[in-house]
Amino acid sequence: MTLQTLTRPAVAGASAPGPATSPAPPDGARRTLRGARHVLRRPGLLVAIAVLLLVAAWAVVPQVFTAQDPLGGVPADRLQAPSGAHWFGTDHLGRDVYARVVHGASLTLRTTALAVAVGLVLGSLLGLLAGFLRGWVDDVIGRLVDVLLAIPSILLSLAIITALGFGPVKVAVAVGIGSVATFARVMRAEVLRVSTSVYVEAARASGLRWPAVLGRHVLPNSSGPVLALVALDFGTAVLAVSALSFLGYGTPPPAPEWGALVSGGRDYLATAWWLTTLPGLVIVAVVLAANRVSRALEKTGEDQ
Amino acid sequence: MTRYVLRRAGQGVFVLWAAFTVAFFVLYLLPSDPAALVASGGGEVSQVDPAQLAALRAEYGLDRPILVQYGDALLSALRGDFGDSYVSGASAASMVAQALPETLKLTGAALLVAVVGGTAVAVASVFPRARFLRQALSALPPLGVALPTFFVGLVLLQWFSFRLPVFPAIGNEGAISLVLPTITLAVPAGAQLAQILSRSLRGTLGEPYVSTAWAKGASRTRVHLAHALRNAAIPAFTVLGVIVGGLLGGAVVTETVFSRVGLGRLTVQSVNQQDVPVVLAIVVFSALVFVVVTLVVDLVYPLLDPRIQLRAPRAASRRATSRTQRPTAVTA
């Protein structure tokens, strides 16, 4: 048993450990159990995960969380402070701000998820090519990454929006391209690290072709830090997406995108604090939660 | 030494050229038609006379092959000419130059506040003996990184302009109008700096030379400030280019929130009107700032740390920057 746990991490790299019958529970189940215990011991992480799950639920089934209409308001109830009936108060048209935040989650999170996906796919592909092919490909991609890092990401996004026009999908593409460089960098470093390891050498020596080595050994083993980066980038992308939607480049007005909600409260700063503060705090909570989860993922990666 | 400087400068010029190229092709090759935008005067694109459109294309040289346009634009850009604004007709470079001073004031002040504040928070998060105090202070930088710039700006406005009328809510008049925007802009930059610095400080405090300093009987303050901080500051110093770039980007939102005149407002205005030459000029300018700051940092930091030699191989410096950059969120 002890010997097995000692050797397990080394073997885990080189595909399945084979049919060696072991009395211990299967690898996956044990890892889940360890993961659950790890999370339960950290209240901060638990809260972060709860926040992300809650917001995801808002995005999927908003009507479960609020019965109020996010678009149509009751003019008689305009600019009411937060109360039992209106948790986040109401805006200048009498619309329930909490309902708008809940319904806005799907807009904001969909744009964010698309942005992360764009960054992840393009960035990982570039990083993979650079780390795997080396040579001049690595040099060219490395220079490209340097250039993307030299332009502040919001200005790069704004340049792309200038060319593409406004709208949530365009914002997502713009934000995603802004994070390509980071993904490419991390992926390249991971691929370089993994492809010099002994098990990759062993797989090559036993006649496995490069594509198979890549798919079966390099990618799974370099996914840890990339996963941590996905969580981190999710937080960054929420910030970028809501900043662009604050500037008015996202979904047009009546839609309750989070950045636009905060922006909509600008004219009522003196009288209705809840219009900017409460949606803003929701954004902060989501970003903090994503960063916390990212830190936990990074740490488990280091431990292994 | 000279060869090193020349090579680094050459790399900087290359990055600048590539930034121009990337921005040019993004702005000129993507679907929207600049001539139609000019003809519509920043309004609706739909009803534009085709003959007028063709005339405009000819006037701006947009009817030529894209590579000819690119070569021409590059040559002009080398002379500092980025073409004329589609909207106002003024030269894009002069519009940037005109907007620049106000933004320089803002970003300069924010950089100062971010460096001083970030350093103070980082030191304070390792200095106290009480564990809970250290932990509470260590939570500040991650919080600062998670705050949207527009949110910070609006909350400050709410409290210090409307509730307590201390600072003006909008405008560029006098130093007092600079206070709230400066704080707003400094929060993410300072938090980013504090994150890097406090991680680096924790590493440094475990170094043998710190133990030696303790053993020689140096005071707590002296160990932290004279021994640990000086060495820990170097990784934070290397990301100065990223921080300054981030400040320029942050100015876009900050100047919008506080209705200030400046480069950020010009950016928003140009993006709204799809004023391609001005956007190109701004992007290239921000890349220039990044390149210059990074070059200066690269040349100065061997002076701060004699262990680093100027002829250090490229791979080493690249590794150093990637290590310090990766774990911090770049805030919008």
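Read along its sequence, chain A runs α-α-α-α-α-α-α-α-α-α-α-α-α, which comes to 13 helices and 0 strands. Helices here are DSSP runs of H or I with at least four residues, strands are E runs of at least two, and both are numbered from the N terminus. This is a predicted model, where local features need pLDDT of at least 70, side-chain atom pairs count only at pLDDT 80 or more, and totals for chains, interfaces and linings use all residues. Residues are numbered from 1 along each chain as its sequence is written, while chains are lettered from A and ligands numbered from 1 in the order in which they are written.

Of the chain A contacts with a separation of 6 or more, 67% join residues 24 or more positions apart; a contact needs C-beta atoms, placed from the backbone, within 7 Å.

Have a look at H11 of chain A, residues 210-246. H11(A) bends by about 45 degrees at Gly224(A), with a proline, Pro225(A), following within four residues. That bend is the angle between axes fitted to the seven residues ending there and the seven starting there. Just past H11(A), Gly248(A) has a positive phi of about 100 degrees.

On to chain B, with 15 helices and 0 strands. Here 43% of the 332 residues count as buried, and residues 24 or more positions apart make up 74% of the contacts with a separation of 6 or more. H5 of chain B (residues 92-124) has 33 residues and reaches 45 Å from first C-alpha to last, close to the expected 48 Å. Even so, H5(B) bends by about 40 degrees at Leu100(B), and Pro101(B) follows within four residues.

Where the chains meet, chain B puts in 48 residues and chain A 42. Several chain B helices each supply at least two residues to that side, among them H1 (2-29), H12 (240-257) and H14 (276-304). By class, chain B's side has 35 nonpolar, 12 polar and 1 charged residues.

As for confidence, the predictor gives the complex an ipTM of 0.83 and a pTM of 0.83.

How values were computed. Two residues are in contact if their C-beta atoms, placed from the backbone, lie within 7 Å. Ala, Val, Leu, Ile, Met, Phe, Trp, Tyr, Cys and Pro count as nonpolar, Asp, Glu, Lys and Arg as charged, and the others, Gly among them, as polar. The expected span of a helix is 1.5 Å times one less than its number of residues. A residue is buried if 20 or more other C-beta atoms lie within 10 Å of its own, exposed if 12 or fewer, and partly exposed in between; C-beta atoms are placed from the backbone.
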